[in-house]
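User: I'm new to this one. Can you put it up and walk me through it?

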Amino acid sequence: MKPRLPTLLAAIASLIVTAALAFAVLERPAPAENLPQRVSQHIADAGAAHPITAVLLDFRSVDTLLEVAVLLVAVVVALALREAQPDGPDRMGLDNPLLRAVMSWLLPLMLLVSAYLLWAGATRPGGAFQAGAVLAAAGVLLRLAGVRLGGFAGTGGATRLRLLLVLGPAAFVAVGLGTQLGGRAFLDYPPALAGGLILVIELALTLSIALALLSLFRLAPPQSDVERLAERRRRPRQ
């Protein structure tokens, strides 16, 4: 069976992109300056002792803000996909007593690990993204165990969910506007307040990232195209 023209064009485009990326990696120019050295020179004013946290939430904080915004856009797209086929079956949840029993032991440990990763991010590997991922994993396990998150049910729960989803980007923007009102650049923290401001941002980001990842799992379209086609074929013709 001969491949169709769109498939052939997609394969050619993929090869071109792969070759371009390989060329960019192999022929990348030498850095104009020693960035690790610059980070180590200015990390005392960053509010975080770990260089990765300092880069993500101070030196390149705008990039991190855009990353969180992209994650939020992905949730909006997932909401649109879910609303496009709202009548599909919800297969989420396994009525398994063993899984529920395991979760009763595992959930407190996951919450503790998430809190540790958030707190440790200032001085060692960790931070909001890692803590949020662990929280999201706990939420996924709860959903698989058939536990409904009652606080996000109904119209009021949906509103609370949306507010918490935008909490991280909103805290980022609020801190940035505050630094501007204080006569500094956007997200240029005062050295005396840098540590506290970064902690506030990371707390908000942890909740938003966790709920965004959990929402992407929960809002997956209930039926795939293959399943809908198979169901349509099983229906008797009228």
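User: H6 and H9: is their crossing left-handed or right-handed?

Analyst: This is a predicted model. In it, H6 passes H9 in a right-handed crossing.

User: Which residues of H6 and H9 make the contact?

Analyst: From H6, the contact uses Ala 128, Phe 129, Ala 131, Gly 132, Ala 133, Leu 135, Ala 136, Gly 139, Val 140, Arg 143 and Leu 144. H9 brings Glu 202, Leu 205, Thr 206, Ile 209, Ala 210, Leu 213, Leu 214, Phe 217 and Arg 218.

User: How do the residues of that contact of H6 with H9 divide?

Analyst: There are 14 nonpolar, 3 polar and 3 charged.

User: What angle do H6 and H9 pack at, and how far apart are the axes?

Analyst: The angle is about 40 degrees, and the axes are 7 Å apart. H6 covers residues 128-144.

User: New topic. How many cavities of 30 Å³ or more does the structure hold?

Analyst: It holds 1. About 40 Å³ of space lies in the largest cavity.

User: Which residues line the largest cavity?

Analyst: Val 68, Leu 71, Leu 72, Leu 165, Pro 169, Ser 208, Ile 209 and Ala 212 do. Ile 209 is also one of the H9 residues in the contact with H6.

User: Which helices each supply at least two residues of that lining?

Analyst: Helix H4 (61-84) and helix H9 (194-218).

User: And how does the lining divide by residue type?

Analyst: Into 7 nonpolar, 1 polar and no charged.

Definitions and conventions
Residues are numbered from 1 along each chain as its sequence is written. This is a predicted model: local features need pLDDT of at least 70, side-chain atom pairs count only at pLDDT 80 or more; totals for chains, interfaces and linings use all residues. Side-chain values use heavy atoms; hydrogens and water are left out. On a 1 Å grid over the protein atoms alone, a cavity is a set of points where a 1.4 Å probe fits but cannot get out, and a pocket is an open set with protein on both sides within 12 Å along at least five of seven lines; lining residues have an atom within 4 Å of a point. Grid points are joined across faces, edges and corners, and a volume is the space filled by probe spheres set on the points. Helices (H or I, at least four residues) and strands (E, at least two) are DSSP runs, numbered from the N terminus. Ala, Val, Leu, Ile, Met, Phe, Trp, Tyr, Cys and Pro count as nonpolar, Asp, Glu, Lys and Arg as charged, and the others, Gly among them, as polar. Axes are lines fitted to C-alpha atoms, for helices over the stretch in contact, and angles run from 0 to 180 degrees between N-to-C directions. A crossing is left-handed if the near helix is turned anticlockwise from the far one by less than a right angle, and right-handed if clockwise. Contact means heavy atoms within 4.5 Å.
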